[in-house]
Amino acid sequence: MTKRRFLLMFMLVFALIFARYCYFGFEYYPQLDDYIQYHNYTSRGLGYAELISALGLLSVRPLAGLADIFVWSNFFPVMIVAVAAISALFAASACLFYDVFRRRFGTGSLFFVVYALLPLAIEGTYWVSASSRVVVGLFFTSLALWLFEKWCCGGKKRDAAFCAAAQLLAFGFYEQTIVLSFASVLIFGVLNFKPQRKRALLSLCGFANLAIYAVFTRIFSDSSLYGSRMTIANPLSAWYYKEKLPEVLSQLKSAFLGGGFYTLVKGAYRGAKIFAAQPNFIYAIAVLALCVALFIAAKRRDEESESADTRLKPRAALIVGVLLALAPTAPFFLIGETWFSLRGTVMSLCGIALIADTLLRFIPLKKLTAAITAAAALICCVASVSEIDDYRETTANDMAIVALLAETLPRGGGEIAVLNVEPSYLGNQNYYYHEHIHGITESGWALHGGLEYLMGAENAPSVTPLPRHPMYSPWNRDTATLNNFDLIYLYIDGALTQIITEERSDGTTALFAGGEYVGYVWEEDGYGYLELESAATAAS
């Protein structure tokens, strides 16, 4: 692409990405870690060096941790500006990947839709605690690949130096970007090896960057923020093939196929219903205009590709697409803890988008490809409205509960448990999977983060939220059973009531509020369960 076309496409893709987040206004809805990373850390009165050391920010994802403090926290509480900046980086990465793929494979405009607009990716591109790692890492990954291709096509020595530097920067934001950046440059090094053997050897810089990253993080590993999660699974053990591998494959299937289908199909249905109930005609007109502009751009690209050197190379495109889609999932087959979230799918989208665009161009009526691209973009924008609505409702629920806790709970009350508090209060979420759009009531650390944000570090009580089924599991039983707490409260119908417990001979624990029996807690196989009396259950 020429510089002018690159800029125009960047502006169009950025507008489509960012517009999806603004259906309900120019506002961001904080989730989970956001309060901790972008407000609490920098409001504790610690110096930067002390804060970095105390949190172990240099041990893993060092650049992401530093950016939290020095960049993104400056936008709080107007985090929608940070979302705009991150969206610009995401749009830039889309254009950089596209420019490489188009020159190499003849890729078309559907790539932009699948890569940048799928609602499946919103967890990793909207939620700042995730996008500040995923998207920024992707930007440097795409920049490194673009510079590598430029170098192999006769670029200057500075392009080679900037390529190596961009790749090293990508390594500092997210584990998946380490794999994706390393693999993408190496793959294109192989593609360039025959025509540009000497220049293609730059692809080996990934090994040097890996060594630099490993040495740097090793120096600070004693204070690691994520170290406990980074144990390595033994692929030679029987356990690996009996439990580990099936679990990883199951989660990948749930995330990509389940998440992709429900966030798009159910999301589009719910998005249309939201528009009917709460119409935003400015949003509708803007999105329609942007989709028309995308149609025109796609039409022109298709017409140009018929006579340009960038003809479709389907076999190479499909092979590279599969490799780029699979590469970011590789770490999950190796690390001990199996937890693949929806944000983990974002790194694979450059490969998936390349595959989708290549397959689209096989349809008999090639004149329809531009219309299909524009229609797909419109559907994605409609579906995204429902995802953002869920984030909005979750934030409102979070703040209501935190305000109630701050008003009711005593200061200095020791360890406090709040029963009947659920991770999510969404009535009809697009896709229930892991922590996707969970509130700060999901865990004690997240809830404490919200309380510290509202009350200050010196006033925030230590509160553990305990849901009904299960209330706790064998993994947190030692800290979540009721005898671990100094005070116990029950959350029902938007109100808190202090609870007195009484151990029974059958092993259950009876709950009383104001002398009245309200329910009991029982345990089976290390799992705790809360049963409320019918009146209390109806009220909750």
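Me: Which element gives the largest share of the lining of the second largest pocket?
Reply: Start with the general idea: rolling a probe the size of a water molecule over the atoms shows where empty space is left. Here, a pocket is an open set of points on a 1 Å grid over the protein atoms alone, where a 1.4 Å probe fits, with protein on both sides within 12 Å along at least five of seven lines; lining residues have an atom within 4 Å of a point. In this predicted model, α13 gives the largest share, 5 residues. Helices are DSSP runs (H or I, at least four residues), numbered from the N terminus.

Me: How much space lies in the second largest pocket, and which residues are closest to its centre?
Reply: About 460 Å³, counted as the space filled by probe spheres set on the points. Its lining has 19 residues, with V114, L118, F256, L349 and I352 closest to the centre. Elements giving two or more residues include α6 (110-116), α13 (238-277) and α16 (349-360).

Me: How do the lining residues divide into nonpolar, polar and charged?
Reply: There are 17 nonpolar, 2 polar and no charged. Nonpolar covers Ala, Val, Leu, Ile, Met, Phe, Trp, Tyr, Cys and Pro; charged is Asp, Glu, Lys and Arg; the others, Gly among them, are polar.

Me: What share of the chain's residues counts as buried?
Reply: Of the 540 residues, 54%, with buried set at under 20% relative accessible area (1.4 Å probe, protein chains only). The C-alpha trace spans about 85 × 55 × 50 Å along its principal axes.

Definitions and conventions
Residues are numbered from 1 along each chain as its sequence is written. This is a predicted model: local features need pLDDT of at least 70, side-chain atom pairs count only at pLDDT 80 or more; totals for chains, interfaces and linings use all residues. Side-chain values use heavy atoms; hydrogens and water are left out. Buried means under 20% relative accessible area, exposed over 50%, partly exposed in between (1.4 Å probe, protein chains only).
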